[in-house]
Amino acid sequence: MTAGLAGYIAKNKWRPRPEWQVDNHAHIDSANPFRIISSGAKSRKPHPMINKRFPLVLMLEPLHACNLTCTGCGRIREYESTISQTLTLEQCLKAVDECGAPIVSICGGEPFLYPHLPALIRELVARNKTIYLCTNGMFIRKKIKDYTPSEKFFINVHLDGMEKNHDIAVEREGVFKEAVEGIKAAKAAGFKVCTNTTIYRETNMDEIDELFTFLKPFGVDGHMVAPAYGYSAVNERDIFMTRDDVHEKFREFEKISHKHRVNTTPVYLDFLRGERDLPCTAWGTPTYNTKGWKGPCYLITDAHHQTFEELMTRTDWESYGHGNDPRCEHCLMHCGFEPSVSLGINSKFGDGFRMLSWMLG
Ligand code: SF4
């Protein structure tokens, strides 16, 4: 998987698509009030690799409907008016082929509610994609029989804490228990299973340590963690963190991270602790849903484009990111920054070795 990804990155760095590298600053959308206070993008000298734009992870949202109403979910709020719409299987596959990213993260909504999910997974496996199926875990036991394990197919279960706090975060009792039963069932059937944890202002790191320790006997293949920061779709409520809060929280996380199989890369963890800077590479993780290609990123919606080409060529990428757009001020989300780790942007001496040890560890 790593070799395949490295080959894809090398190919795109050496022979980048010229039309995706164009500076779109001249096409600023004057209807967007945030862009007129954009600063610094022109004067800052970009890293040579930053101009090599290409997609790494497609965030595919075949539907936004969900059986839960989690506290931190922006999708059920932003897409409330179109919540009953779904993509057809053909639309999903067209997006996958159009984009060409080697990794497809299927999210939503709850993907297990999507009627064409078994066919979609089969088609993605046939296309040799690495698949992350992001789920709340409530339907795994019931539906796992419809799927076949593969080395490149990961079921990624959302768990924000131990039973009491996870059930509060997802606003329903019994979800933690069912998700854990789902994890056990999927592992018993031979699937790769990861967990995905959002770290909020109130998250207690001892509880995350307890959670990862609790999951160990079930053979979970890794844990992803990401910080929760406020953005427009979640109304910037108190549970979401500022940049300084995230740094502090992830300095605490460092004390427990070495004990567990954390999938988050070490360089990105440095960034979360505030020990280094990374540029926003939102173009590396494009999002496609029932409204089209969401631009510029998973979190901010300034436009929905009808084609991937339009997203890549019409978005003024340089006007986003920390210091360029106030909405990006506190963002340290993996969907915006982790691609820069894979692409070696702002890399330091020793990063290659750390990444290699992390991959082999
Ligand atoms: S910094 Fe975050 S919110 Fe801003 S464009 Fe990048 S990913 Fe999106």
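This is a predicted model: local features need pLDDT of at least 70, side-chain atom pairs count only at pLDDT 80 or more; totals for chains, interfaces and linings use all residues.
Good morning, colleagues. The chain has 361 residues, of which 42% count as buried. If we take the contacts between residues at least 6 apart in sequence, 77% of them join residues at least 24 apart.

Let me turn to the sheet. The 9 strands form an open sheet with mixed pairing, and their order is S6-S5-S4-S3-S2-S1-S7-S8-S9. Which strands stand at the edges? They are strand S6, residues 222-227, and strand S9, residues 301-305. Each of these has a single partner strand, so one side of each is left without a neighbour in the sheet. From one strand to the next, the twist averages 25 degrees.

Within this sheet, I would draw your attention to one pair. Strand S4, residues 153-158, runs parallel to strand S5, residues 192-199, and the two are joined over 5 bridges. As an example of the pairing, Val157 has Thr195 in S5 as its bridge partner.

A helix also packs on the sheet, namely H3, residues 89-99. Helix H3 touches S1, strand S2 (103-106) and strand S7 (287-289), and its direction makes about 160 degrees with that of S1.

I now move to a pair of helices. In general, two packed helices are described by the angle between their axes and the distance between the axes. For helix H8, residues 205-215, and helix H9, residues 243-257, the axes come within 9 Å and cross at roughly 30 degrees. The crossing of H8 past H9 is right-handed. Which residues meet here? From H8 they are Met205, Ile208 and Asp209, and from H9 they are Glu252, Phe253, Lys255 and Ile256.

Thr71 lies in the loop that runs between strand S1 (57-60) and helix H2 (75-78).

Thank you for your attention.

Methods:
Residues are numbered from 1 along each chain as its sequence is written. Helices (H or I, at least four residues) and strands (E, at least two) are DSSP runs, numbered from the N terminus. Two strands pair if DSSP finds at least two bridges between them. Axes are lines fitted to C-alpha atoms, for helices over the stretch in contact, and angles run from 0 to 180 degrees between N-to-C directions. Two residues are in contact if their C-beta atoms, placed from the backbone, lie within 7 Å. A residue is buried if 20 or more other C-beta atoms lie within 10 Å of its own, exposed if 12 or fewer, and partly exposed in between; C-beta atoms are placed from the backbone. A crossing is left-handed if the near helix is turned anticlockwise from the far one by less than a right angle, and right-handed if clockwise.
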